[in-house]
There are 2 protein chains.
Amino acid sequence: MARLLRDVGEHAWIARLVGRLGAAARDRRVLVGPGDDAAAIRPGRRPLLLTTDALIEGVHFRAGWAAPSVLGRRAFAVNASDLAAMGGEPTFALLALEAPGRLRTADLDALVRGFARAAARAGARLVGGNLVAGSHLAITATLLGEASGPVVGRAGARPGDALYVTGTLGRAGVAVRALRAGRRTPWPLPPLRLRAGRLLAPLAHAMIDVSDGLLQDAGHLCRASGASAEILAACLPVATACRRALGDEAARFAATSGEDYELLVAVPPRAERALAGLRLRLGCRLTRIGRIVAGRPVVRVLDAAGQPVATRRAGFDHFR
Amino acid sequence: MARLLRDVGEHAWIARLVGRLGAAARDRRVLVGPGDDAAAIRPGRRPLLLTTDALIEGVHFRAGWAAPSVLGRRAFAVNASDLAAMGGEPTFALLALEAPGRLRTADLDALVRGFARAAARAGARLVGGNLVAGSHLAITATLLGEASGPVVGRAGARPGDALYVTGTLGRAGVAVRALRAGRRTPWPLPPLRLRAGRLLAPLAHAMIDVSDGLLQDAGHLCRASGASAEILAACLPVATACRRALGDEAARFAATSGEDYELLVAVPPRAERALAGLRLRLGCRLTRIGRIVAGRPVVRVLDAAGQPVATRRAGFDHFR
């Protein structure tokens, strides 16, 4: 019979988990691992990157959209995407869970295992966390990271910079739209652009991950940089699934649908040749989609004739 | 008219907050502050402590138990308590919030301000976070810290060690019981034993914070240390409010009620003289309540005649 969280209890579940995590390969960076009041790690010498992001049932996903292990992988990936956007790579992770007592312990185990394995594959280690009873599943992860090169933020883009985006846009948006409508379809995992972020950082003036929709995240980059952006609709790397689903509307949809977790990067003209030399090593497409221009921090989408394309709301906002 | 979170929106609220946080005193440890994909900080040379803990509406508190700013202070304090129990002090913080759209922005502002001020008073800095819409208020904080001396964990207590506890027990438990019964009464803030933790750490074999009830947390310490504990009921520093409310039952209640956030510390006999010399500097009472003995990891409560006292469940478990 399936054991539920309320049958096992918080402390017994944690003790079992700590036993399993402790049995994993030793890591000399970890002085005190999971199971104590706090973890203790050896700091590196490089700047330390810190980020936190949450996946909440009923907000970011609904029951049945993904297996527990895939939710764990996803929780890792959405956080790692923030590190990739700074040119960093994850080193340590904490996992704060809220879960209902009716949840099967096997499911929570699988979730944590999915998270820990995704972390390990990216060179990071799960060193601590928290578990509380709640009405629904909420996964809040914190990632620490380091950058082997420069740390790149959202600010710093300058007029004349070219705007590039990794991968394709709109695939996750189309899937989420179908899932919300009750259709069964795979929910794509974030693409994890850690390698691309690391390689692009030394050439970039500014970088951001596209999680709330390209236009909105481009807007964040523009506001932080005090500049404007022009994006060419015809240049957007629209995902095949999005084109199939939306036809002529695909580019417009892909510009504002969220959850792509690609990187948007502003590169000065002098670095574009070096960028071309990197393409084969990035592990993904890299598409020039526009440029930074002087002016108020707005993002304009232009058609092939250079005329503004009307777009709806810029992207995802949790409260609008 | 009060503005609600859903009127202002996620990104506008974050932008305003980042403006305010950025306007606060500069900190040369911070390379990239709030508002980017990740924060970047200069690491120290000492071991880095990491902890995460959550306060969730309907689980840890109900609406009306505390003003928003006090909830923020509390969210900081429950995390800082975990660092204190390792002999550490907080350096940086991340704040992941889930909040309903009907929440007033002024309340969320006050919550974050309460958190950031409590952090600043303890020498730490809020460098990042996350905000998502949800059905209720959930505050998940991550704290980083450093220890100026040795890092003390739960493991390491040895037979012959004396067990001490800081402050008093049972005050928070009595208040929470009254609040849950619908009575209006102050909800005591955790006492923040950072100074005590730092001073006790060099003398301690093991230390833990008492958040889920003394007996339960003593049990965690015993299991991690592979030893047994004997606690003398008559020695427990029962809070006055608890004695008044419960009379003869006070000690039994104080041994298992949670949320005291005091420190339980195992000290070898040779360090007890040094401990006596510290008493006036701790900023709180320190009471010898028992000892570590050899044997299976169980916690026995003894009466004045050395006979076992029957206790109910050991303490708080989120799912039992």
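Trainee: What makes β4 (residues 88–99) and β5 of chain B a pair of strands?

Mentor: The model is predicted, and in it eight bridges link β4(B) to β5(B), in the parallel sense. At least two bridges are required for a pair, so eight bridges are enough for β4(B) and β5(B). One of the facing positions is B:Ala96, which stands opposite B:Asn130 in β5(B).

Trainee: Why is strand β5 (residues 125–133) of chain B called largely enclosed?

Mentor: Nine of its nine residues are buried, so the rest of the structure largely encloses β5(B). Each buried residue has 20 or more other C-beta atoms within 10 Å of its own.

Trainee: In the sheet that contains β5 of chain A, what is the strand order?

Mentor: The order is β5(A)-β4(A)-β6(A)-β3(A)-β2(B)-β1(B), six strands in an open sheet with mixed pairing.

Trainee: Why are β5 (125–133) of chain A and β1 (30–32) of chain B called edge strands?

Mentor: Each has a single partner strand, so one side of each is left without a neighbour in the sheet. From one strand to the next, the twist averages 25°.

Trainee: Which helix packs on that sheet, and what does the helix touch?

Mentor: The helix is α3 (residues 68–84) of chain A, and its contacts are with β3 (48–56), β4 and β6 (138–147) of chain A. The direction of α3(A) makes about 140° with that of β3(A). At the β5(A) side of the sheet, β4 (residues 88–99) of chain A pairs with β5(A) in the parallel sense over eight bridges, and A:Leu97 stands opposite A:Leu131.

Trainee: How do you know that β2 (residues 39–41) of chain A pairs with a strand of chain B?

Mentor: Three bridges join β2(A) to β3(B), and the two strands run antiparallel. The cut-off is at least two bridges, so three bridges make β2(A) and β3(B) a pair. Here A:Ala40 stands opposite B:Leu49.

Trainee: How many residues are in contact between the chains, and which strand of chain B supplies the largest share?

Mentor: There are 59 residues of chain B in contact with 59 residues of chain A. On the chain B side, strand β3 (residues 48–56) gives the largest share, eight residues. That side divides into 29 nonpolar, 18 polar and twelve charged residues. The model scores ipTM 0.93 and pTM 0.94.

Trainee: Why is B:Val165 called buried?

Mentor: Its count is 26 other C-beta atoms within 10 Å. B:Val165 lies in strand β7 (residues 162–166) of chain B. Beyond four places in sequence, B:Val165 touches several residues, including B:Val210, B:Leu214, B:Pro237 and B:Leu264.

Trainee: Is B:Ala218 buried or exposed, and what makes you say that?

Mentor: B:Ala218 has 32 other C-beta atoms within 10 Å, which makes it buried. An exposed residue would have 12 or fewer. B:Ala218 is placed in helix α7 (residues 214–225) of chain B. Outside the four places on either side in sequence, B:Ala218 touches B:Ala229, B:Ile231, B:Leu264 and B:Val299.

Trainee: Which residues touch the most other members of the largest nonpolar core?

Mentor: They are A:Ala93, A:Met207, A:Leu264, B:Ala93, B:Met207 and B:Leu264, in a core of 221 residues. For A:Leu264, contacts beyond four places in sequence include A:Leu163, A:Val165, A:Met207 and A:Leu221. In soluble globular proteins, nonpolar side chains tend to be buried together.

Methods: Residues numbered from 1 in each chain as written. Chains lettered and ligands numbered in written order. Predicted model: local features only at pLDDT ≥ 70, side-chain atom pairs only at ≥ 80, totals over all residues. Helix = DSSP H or I, 4+ residues; strand = E, 2+ residues; numbered from the N terminus. Axes fitted to C-alpha atoms, helices over the stretch in contact; angles between N-to-C directions. Contact = placed C-beta atoms within 7 Å. Core = buried A, V, L, I, M, F, W, Y, C linked by C-beta atoms within 7 Å. Nonpolar A, V, L, I, M, F, W, Y, C, P; charged D, E, K, R; others polar.
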